[in-house]
Amino acid sequence: TKDGYAHYMLKEIHEQPTAVANTIADRLYNDKISKYFIDQATAAILEQVENIHIIACGTSFHAGMVARYWLEAITQIPTQVEIASEYRYRKPVVPKNTLFLTISQSGETADSLAALRFAKTAGYLSTFAVCNVANSSLDRETDVCFLTHAGPEIGVASTKALTTQLAVLALLTLKLAEIKNVDEAIRSNLAKQLRTLPGIINQSLLLNDQIKVIAEQIVRRDNALFLGRGVHYPVALEGALKLKEISYIHAEGYPAGELKHGPLALVDEKMPVIAVCPNDELLEKLESNIEEVRARGGELYVFVDHKSQHGLKDRVNHLIEMEASGTFTSPIVFNVPLQLLSYHVAVLRGTDVDQPRNLAKSVTVE
Ligand code: M6R
């Protein structure tokens with residue numbers, strides 16, 4: 001049931017603090033990865049990992065993109081991320097000791113399963129998966145499966161599946177960081193961020209009314225541009241996917257540094273530009289990209305935190321201030337207001353939020 005919410009999507013957005021808390025639960029203990037996260041045999045595999053190939057579709061692919069930033073920055077393990085339908089039809093090179101990792105909410109996505117079946121013949125060290133459905137094809141066929149404990153996701157637009165996938169991928173990054181002897185102080189800081197994540201997601205849900213006001217402006221537009229940099233670039237892609245999927249507004253996500261290489265030509269007073277702008281080491285770069293948009297009259301909606309708002313508050317009309325979450329978990333948290341934004345735009349447009357046209361929840365055919 002929808003528990004009094006108007007749509008499953010809205011319910012599932014609000015379930016995220018609990019879903020993420022359930023997913024982390026006993027996998028983290030005293031700011032360390034607990035013994036309940038993986039068994040010894042799995043740890044032994046991870047000790048041999050020299051490369052990682054992540055394969056997924058749609059929103060799950062965006063989770064994989066975030067994980068690549070984390071894995072390479074924190075563990076220095078070379079990591080590639082690829083769309084399953086591309087990967088399965090090319091001839092990928094598999095270096096020795098490469099881990100194959102599929103991400104899928106349903107565990108029944110045809111292209112992701114085909115990629116896994118190929119991987120099993122391709123000389124990988126092992127196949128791992130992050131999946132929300134126990135006993136799905138993916139869970140049964142992969143060597144190791146980390147379940148997200150999001151509970152059933154009914155809305156076609158993926159919301160709590162994404163944030164719980166990211167929580168598991170963050171835990172996996174932390175486990176690999178431990179294996180790679182990353183400095184203990186760094187690791188416990190990251191673990192602390194994960195521990196406080198459900199509370200911070202909860203805070204971001206309180207922005208609902210503010211986001212509704214923005215939705216009333218975006219609903220009149222036919223296009224939207226989402227910008228982010230670094231680990232928040234996949235968040236921009238995800239924001240654009242969500243908006244097009246349920247409101248049918250044409251939206252594109254771009255790494256902000258690419259603006260000058262083409263998309264800036266689209267910017268005029270009728271182009272909403274939504275930027276994900278937390279206080280991280282790319283803040284200044286993003287600020288100057290935002291300035292480029294402002295100079296062309298683009299309609300800016302910028303998601304900031306308490307620290308990153310300083311440089312922007314006099315220059316941007318619509319600033320939405322998020323609770324600061326730490327640079328590790330912010331690509332999880334910043335998805336939440338973007339989910340709410342597309343939700344409200346879709347409701348105002350009167351589209352079928354939970355069951356958008358032409359789409360299926362689980363894509364079991366290619
Ligand atoms: O079940 P999966 O995670 O494998 O599904 C992958 C995509 O079909 C899915 O994430 C899709 O992009 C969502 N509808 C996006 O909201």
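Helices and strands here are DSSP runs numbered from the N terminus, and this is a predicted model.

**Exercise 1.** Work out which element gives the most to the lining of the largest pocket.

*Solution.* 
- Start with the space itself: the largest pocket has a volume of about 580 Å³.
- Of its 29 lining residues, G58, T59, E245, K361 and V363 are the closest to the centre.
- Next, list the elements that give two or more residues to this lining: α4 (58–75), β5 (98–104), α6 (110–119) and α11 (233–247).
- Among these, α11 gives the most, with four residues.
- By class, the lining divides into eleven nonpolar, eleven polar and seven charged residues.

**Exercise 2.** Find where the ligand sits and describe its polar contacts, using a cut-off of 3.5 Å between N or O atoms.

*Solution.* 
- The ligand sits in the largest pocket.
- Around the ligand are 14 residues, the closest being S60, S104, Q105, T109 and E245.
- Now check oxygen atoms of the ligand: a side-chain N or O atom of S60 is 2.6 Å from one, a polar side-chain atom of S106 lies 2.7 Å from one, and a backbone N or O atom of T59 lies 3.1 Å from one.
- The protein covers 90% of the 420 Å² of accessible area that the ligand has on its own.
- α4 gives the most to the shell, with three residues.

**Exercise 3.** Describe the lining of the second largest pocket.

*Solution.* 
- This pocket has a volume of about 290 Å³.
- W70, A73, V231, E281 and T327 are the closest to its centre, out of 13 lining residues.
- The largest share, four residues, comes from α4.
- The classes are eight nonpolar, three polar and two charged.

Technical notes. Residues numbered from 1 in each chain as written. Predicted model: local features only at pLDDT ≥ 70, side-chain atom pairs only at ≥ 80, totals over all residues. Heavy atoms only, no water. 1 Å grid on protein atoms, 1.4 Å probe; cavity = no way out; pocket = protein on both sides within 12 Å on 5 of 7 lines; lining within 4 Å. Points joined across faces, edges and corners; volume = space filled by probe spheres on them. Nonpolar A, V, L, I, M, F, W, Y, C, P; charged D, E, K, R; others polar. Near = heavy atom within 4 Å. Polar contact = N/O pair within 3.5 Å; in protein donor to acceptor, adjacent residues only side chain to side chain. Areas by Shrake-Rupley, 256 points an atom, 1.4 Å probe, with all protein chains shown as cover. Sits in = over half its atoms within 2 Å of the grid points.
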